[in-house]
Amino acid sequence: MVRSLAVRLAACPGSFDPVTNGHLDVIVRTAAIFDEVIVAVGVNKTKARMFDTDERCEMIAEVTADLPNVRVERFEGLTTDFCQKFDIGVIVKGLRAVSDFEYELQMAQMNHSLAGVETLFMHSSPQYSFLSSSLVKEVAIWGGDVTHLVPPAVLARLKTRLAR
Ligand code: PNS
């Protein structure tokens, strides 16, 4: 049997506004399977964000600093163009619930039809199945405690942002 020596590279794309413990869980588990993981932070100038692209990338870099095979890149435009630029054949997306599936399946099939890029779905860990960046922001804006939902570095930035 001939064993492939190719580096197995995966992308974890998202907007990560901000990165949550749920995202981090998927990134960590993906990094345990693939040789290299690129967390791809989407830039969408038409969408209002709490954190700009630099801040979102910095937070991901901070919370993945202990994962030597993970790095962060930003991208604007199609995910498939990003994958082709970095020669990435696999996208890994987290799935929290069946409600995520329909949209994610559509994107996966579109990305496959555009560039032959495969998408693998990773189920969220049960303790994060309700978690989203949007809900974290909503709870934090109204003064709720999100300590258990985001990494400490993100919590600090949220507090600073909302103290303004
Ligand atoms: O899960 P998210 O955070 O909403 O994902 C955002 C992101 C950046 C992954 C998604 O919006 C995306 O793929 N944007 C790139 C545009 C694109 O490729 N569109 C066609 C996908 S079928």
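Is Arg 161 buried or exposed? Arg 161 is buried, with a relative accessible area of 18%; buried here means under 20% relative accessible area, exposed over 50%, and partly exposed in between (1.4 Å probe, protein chains only).

A word on the basis of what follows. This is a predicted model, in which local features need pLDDT of at least 70 and side-chain atom pairs count only at pLDDT 80 or more, while totals for chains, interfaces and linings use all residues. Residues are numbered from 1 along each chain as its sequence is written, and side-chain values use heavy atoms, with hydrogens and water left out.

## Salt bridges

Let us stay with Arg 161 for a moment. Its partner in a salt bridge is Glu 55, with the closest N and O atoms 2.4 Å apart; the term stands for a side-chain nitrogen of Lys or Arg within 4 Å of a carboxyl oxygen of Asp or Glu. This pair links distant parts of the chain, since Glu 55 sits in helix α2 and Arg 161 in helix α6, 106 residues apart. Helices (H or I, at least four residues) and strands (E, at least two) are DSSP runs, numbered from the N terminus. Glu 55 counts as buried too, at 16% relative accessibility.

In total, the structure holds eleven salt bridges.

| Pair | N to O distance | Location |
|---|---|---|
| Glu 55 and Arg 161 | 2.4 Å | helix α2 and helix α6 |
| Arg 74 and Asp 54 | 2.4 Å | strand β3 and helix α2 |
| Lys 137 and Asp 17 | 2.8 Å | helix α5 and the loop between β1 and α1 |

Arg 74 and Asp 54 are 20 residues apart. Arg 74 is partly exposed, with a relative accessible area of 41%, and Asp 54 also counts as partly exposed, at 39%. Elsewhere, salt bridges that share partners join Glu 36, Arg 71 and Glu 73 into one network.

## Asp 17 and its surroundings

What does the side chain of Asp 17 make with the side chain of Lys 137? The two side chains make a polar contact at 2.8 Å, that is, a pair of N or O atoms within 3.5 Å, where within protein one must be able to donate a hydrogen and the other to accept it, and residues adjacent in sequence count only if both atoms are side-chain atoms. The two residues also meet in a salt bridge. Lys 137 lies in helix α5 and Asp 17 in the loop between β1 and α1, so the pair ties together parts that are 120 residues apart in sequence. Both Lys 137 and Asp 17 are buried, Asp 17 at 3% relative accessibility.

The loop that holds Asp 17 runs between β1 (9-14) and α1 (21-31). Leaving aside neighbours within four places in sequence, Asp 17 is in contact (heavy atoms within 4.5 Å) with Arg 49, Met 50, Phe 51, Arg 56, Ser 133 and Lys 137.

## Helix α1

Eight of the eleven residues of α1 are buried, so this helix is largely enclosed by the rest of the structure. Among the buried ones are Leu 24, Val 26 and Ile 27. Their cover includes β1, β2, α2, β3, β4 and β5 (118-123).

## Nonpolar cores

In soluble globular proteins, nonpolar side chains tend to be buried together. A nonpolar core is a set of buried Ala, Val, Leu, Ile, Met, Phe, Trp, Tyr and Cys residues joined through side-chain atoms within 4.5 Å. The largest one here has 33 residues, and those with the most contacts inside it are Val 92, Val 146 and Leu 158. At least two residues of this core come from each of β1, α1, β2 (36-43), α2 (53-63), β4 (90-95), α5 (133-141) and α6 (152-163). Apart from this core lies another, of eleven residues, among them Ala 11, Phe 75, Ile 88 and Ile 91.

Leu 158 is in contact with Met 50, Phe 51, Val 136, Ala 140, Val 146 and Val 150, again leaving aside neighbours within four places in sequence.

Leu 114 is found in helix α4 (residues 98-115) and counts as partly exposed, at 46% relative accessibility. Not counting residues up to four places away in sequence, Leu 114 touches Leu 78 and Thr 80. The C-alpha atoms of Leu 114 and Thr 53 are separated by 26 Å.
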